[in-house]
Amino acid sequence: MLLRTGVGPARLLCPAVCSSRPVLHAVGLRSTFTPQSVSARWFSHQQRRRKQIQPNAKPPAQTRIADDGPVKSESPELARPESAIKSKAQDAVPAADGNDMLSEKVVSNKEQRKVDRAIMKEMVQYLWPKGDFGTKLRVSTALGLLVGAKVLNVEVPFYFKSIVDSMNIDFLAVGGTAWTVAGSMIIAYGVTRISATIFQELRNAVFASVAQSAIRKVACNVFQHLLRLDMNFHLSRQTGGLTRALDRGTKGISFLLTSMLFHIFPTILEISLVCGILTYQYGLSFAAITAGTMAAYSAFTITTTSWRTKFRKQANSADNQGATVAVDTLINYEAVKFFNNEKFEVNRYDQALQKYEKASIKVTTSLAFLNSGQNIIFSSALGAMMYMAAQGVAAGELTVGDLVMVNQLVFQLSVPLNFLGSVYRELRQSLLDMETLFNLQKVNVNIKEVAHPKTLALTKGGEIKFQNVNFAYNAERQILKNLSLTIPAGKKVAIVGPSGCGKSTLLRLLFRFYDTQGGTITIDGQDIRDLTLDSLRESIGVVPQDTPLFNNTIEHNIRYGRIDASDEEVRKAAQRAHIDGLIEKLPQGWNTMVGERGMMISGGEKQRLAIARLLLKDPPLLFFDEATSALDTYTEQTLLQNINSILKEKQRTSVFVAHRLRTIFDSDIIFVLKDGQVEEQGTHHELLEKNGLYADLWAAQEVSLGQDMGLERELDADRADSVGEESRRQ
């Protein structure tokens with residue numbers, strides 16, 4: 001005989017003799033009779049009837065009553081919980097796999113350049129947005145300051161040449177001082193350098209708001225898109241790797257925008273100015289060396305950087321993997337401790353770090369090769385041009401000032417050339433970091449509204465109909481098979497049945513986490529696919545089996561049901577959920593933090609918070625998915641009585657998904673699902689009279705309850721005998 005003894009989303013099964021306490025009486029009573037008396041009479045009658053009709057029948061204990069296994073007749077595949085099937089959901093419900101995006105696949109240079117161009121093209125709209133005069137003015141001003149800074153930089157070598165030529169005299173013979181000879185040039189030299197620096201800093205200050213605004217808009221767009229994606233994507237995503245990829249991508253936006261506007265164009269401008277000056281002042285030979293240096297430097301940089309791209313992708317992939325392992329382990333901290341697997345998790349994390357280490361070493365060594373090559377090319381060009389200038393000085397064709405000017409111009413050229421190398425390298429890295437960010441925006445949203453959706457209007461009070469509904473998470477396993485049922489408006493309805501029969505799937509389909517693959521779902525005659533998602537989901541309230549809580553205060557988590565609720569409304573909802581007393585006793589009261597996923601409070605407290613949140617939302621359609629499974633019997637009874645009174649008072653349509661039949665026996669209609677279809681339906685009495693699946697489930701639970709209560713009576717008798725014997729000895 002199997003008995004449910006655990007609480008929470010995952011229940012344990014153990015022999016009834018393991019239990020030290022019995023399951024007590026039913027909760028949430030809506031009628032005057034008691035389930036104990038009815039079930040006892042019915043069960044004794046059924047036992048006699050079965051002995052007469054089916055003397056060889058197997059006892060009802062062969063029907064599985066917990067929610068983590070099948071009826072015995074089901075196959076192992078059908079025995080799996082619905083949550084375990086979702087990982088195979090690619091065929092029937094296509095969705096993007098979040099893990100594939102984080103793998104950083106290595107592609108050809110041609111394909112990578114195509115992706116890079118697409119990202120840069122998309123980012124242009126943030127540099128020159130339509131209808132945004134303020135941003136355009138800032139960009140134009142920044143470009144003006146940039147051009148001014150470059151012109152001033154090019155003037156510096158001229159002033160330096162004039163100072164050197166002016167000082168190349170015999171002061172003892174001619175007389176005078178440094179101020180009289182070169183004072184004006186020295187002042188002009190200093191003012192020009194200061195002005196160039198100021199222009200550059202002003203440019204950065206003016207452009208800062210443009211870059212930060214673009215980061216905010218892109219990040220918000222991606223986050224909003226992620227929230228619109230269907231459940232398949234979020235069930236398959238790797239949270240740690242995804243957040244790390246988003247972080248890298250948003251950081252790369254600022255550099256990309258700055259590079260596009262302030263590095264590529266200004267570098268070309270500065271190189272053109274320097275080449276023009278060298279050609280005009282010193283002839284074609286100097287210009288030829290400059291042009292050759294530029295060509296060799298650029299070709300080497302682009303080729304080597306393209307070769308290094310695969311190392312960067314490998315490092316990003318390893319970084320994503322390490323973040324995923326770390327976040328997954330920290331979220332499941334208790335599981336790690338329960339099974340003493342700290343070393344295993346550290347080894348998993350270390351393996352990811354080893355991959356990152358190897359990839360980073362390749363990135364660093366290839367960067368050293370790139371920097372060395374760039375330096376060799378530039379130093380060779382500098383040496384050749386200095387030699388030519390020195391020859392000109394020796395021949396009397398150039399002055400010492402010209403030699404210094406050539407040196408200054410070549411070093412002036414080194415700045416944009418170094419920028420070209422480093423910017424191209426960092427630009428490619430930023431584009432790689434942003435690739436996942438922009439790929440996320442391309443993931444198709446499967447759950448969409450029609451062209452002109454309507455707002456849900458509850459004209460009949462909230463009657464829900466499933467008509468010939470077919471659905472499968474995976475093509476190989478059909479969950480719902482031509483299912484039809486009607487949930488009357490304002491009634492309390494229960495849905496029961498073995499695990500994997502599709503109970504929770506009904507809620508997901510109604511909430512449009514998924515769309516049906518056949519049939520229709522209507523609310524008061526309105527197809528939910530023709531409604532706006534906001535109006536549909538605002539009308540449905542859910543208390544899920546696994547309560548999702550934010551790492552925030554108790555007050556915040558309750559208020560999440562309706563953000564604009566007043567403090568009084570929040571406290572009234574908590575009172576109805578019978579958690580206000582507990583909150584008041586806590587040292588920090590309503591400001592008590594619940595921890596990540598609510599791990600700092602008990603399962604029962606989490607469920608009561610979820611119920612308070614639902615009551616605060618106060619929607620017309622209510623769904624309770626094992627909403628009280630983690631509560632003690634007394635609290636469960638009191639809470640469900642309160643919920644029942646609310647349902648009666650406000651005539652709410654309510655659906656209870658349950659495995660403990662004593663919590664839903666008073667429902668107006670009970671639907672019994674099996675193999676994706678409605679096996680039986682009716683009231684508690686009607687279903688017992690049918691002597692079908694529901695009767696088997698009820699009998700199994702009653703036998704378990706009876707055995708457990710009998711065991712406790714025996715233990716009490718043994719304890720009484722022990723006490724009496726001890727007294728006699730004394």
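Analyst: The model is predicted, and the strand taken here is β9, residues 621-625. Of its 5 residues, 5 are buried, so β9 is largely enclosed by the rest of the structure. Buried here means under 20% relative accessible area.

The side chains come next. In a regular strand they alternate between the two faces of the sheet. In β9, Leu-621, Phe-623 and Asp-625 point one way, while Leu-622 and Phe-624 point the other way. Both sets are buried, Asp-625 included.

As for pairing, strands of a sheet are held to one another through backbone hydrogen bonds, in either a parallel or an antiparallel sense. One partner of β9 is strand β8, residues 540-543, and the two are parallel, with 4 bridges. Within this pair, Phe-623 of β9 has Val-542 opposite. Another partner is strand β10, residues 653-657, which runs parallel to β9 and is joined to it by 5 bridges. Here Asp-625 faces Val-657 of β10.

For reference, another part of the model has antiparallel pairing: an open sheet of 4 strands in the order β4-β3-β6-β7. Its edge strands, β4 (480-487) and β7 (526-527), each pair on one side only. Strand β3, residues 464-471, pairs with β4 over 5 bridges in the antiparallel sense, and Phe-466 has Leu-485 of β4 as its bridge partner.

Notes:
Residues are numbered from 1 along each chain as its sequence is written. This is a predicted model: local features need pLDDT of at least 70, side-chain atom pairs count only at pLDDT 80 or more; totals for chains, interfaces and linings use all residues. Side-chain values use heavy atoms; hydrogens and water are left out. Buried means under 20% relative accessible area, exposed over 50%, partly exposed in between (1.4 Å probe, protein chains only). Two strands pair if DSSP finds at least two bridges between them.
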